[in-house]
Amino acid sequence: MIRLLLADDHPVVRAGLRAVLAAEPDFEIVAEAPSAERAVELAGAGGVDVVLMDLQFGAGMHGSQATALIAALPEGPRVLVLTTYDTDADILAAVEAGAAGYLLKDAPPEELAAAVRTAASGRSALAPAVALRLMDRMRAPAEALSRRELEVLQLVRDGLSNADIARELFLSQATVKSHLVHVYAKLGVDSRTSAVAAATSRGLMRP
């Protein structure tokens, strides 16, 4: 049996996942977590093989942060991200945190079940659209925004100044400016507002 932990802050979503996954003969849903913090706690307690992890948990810990903590556990469970977001920023954060897979919530039940089994077996399970985005980044690395550049741009979108961004990311203001220069060049823009608009329209980060 593959023992599952469902981590999502929406009870209706957890109930839907439970209904779909409980129908599989080799799955056992052993726990549910309404927050990322609770997911880390339950994963650390043992008895879980795969965590189905949402990314957004209201004002609490982000799903990618929880994924990193769970992935760092000795002999910890595998984490399969299950989310509505398919931006570069979200995908990179999850993959770099150690997620075993990344699936979108509109995936058909059979694809979800297959991804769970793939993750449990120690292999990578990526939704086709996610795999395509990662392949596109590999084909044109010079044009792709790095994880740090995306972090800087997301804070620009949130209205932070260069000084605020430097404090938030523990960088110098000169480094922040350097990242923005690279972002402008890669996106073919010349202002903060244009950079945010271009990155959002290209699916690099959420609106």
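Arg147 is partly exposed, at a relative accessible area of 28% (buried is under 20% relative accessible area, exposed is over 50%, and partly exposed lies in between, with a 1.4 Å probe and protein chains only). The model is predicted, so local features need pLDDT of at least 70 and side-chain atom pairs count only at pLDDT 80 or more, while totals for chains, interfaces and linings use all residues. Residues are numbered from 1 along each chain as its sequence is written, and side-chain values use heavy atoms, with hydrogens and water left out.

**Exercise 1.** Find the salt-bridge partner of Arg147 and state which helices the pair connects.

*Solution.* 
- Step 1: apply the criterion, a side-chain nitrogen of Lys or Arg within 4 Å of a carboxyl oxygen of Asp or Glu.
- Step 2: Arg147 meets Glu96 in such a bridge, at 3.0 Å from N to O.
- Step 3: locate both ends. Arg147 is in helix H7 (residues 147-157) and Glu96 in helix H4 (residues 88-97), so the bridge ties together parts 51 residues apart in sequence. Helices here are DSSP runs of H or I with at least four residues, strands are runs of E with at least two, and both are numbered from the N terminus.
- Step 4: Glu96, Arg147, Arg148 and Glu151 form a network of salt bridges.

**Exercise 2.** Classify the packing of helix H8 against H9.

*Solution.* 
- Step 1: H8 (residues 162-169) and H9 pack at about 105°, with axes 8 Å apart. Axes are lines fitted to C-alpha atoms, for helices over the stretch in contact, and angles run from 0 to 180 degrees between N-to-C directions.
- Step 2: H8 and H9 are therefore roughly perpendicular (65 to 115 degrees; under 35 is roughly parallel, over 145 roughly antiparallel, and the rest oblique).
- Step 3: Asn162, Ala163, Ile165 and Ala166 of H8 meet Gln173, Val176, Lys177 and Leu180 of H9, where contact means heavy atoms within 4.5 Å.

**Exercise 3.** How many residues of H4 are buried, and what do they pack against?

*Solution.* 
- Step 1: eight of the ten residues of H4 are buried, including Ile91 and Leu92.
- Step 2: these buried residues pack against helix H3 (63-71), strand S4, strand S5 (101-104), helix H6 (128-139) and H7.
- Step 3: check the flanks. Thr87, in the loop between S4 (78-83) and H4, is buried at 7%. Just after H4, Gly98 has a positive phi of about 110°.
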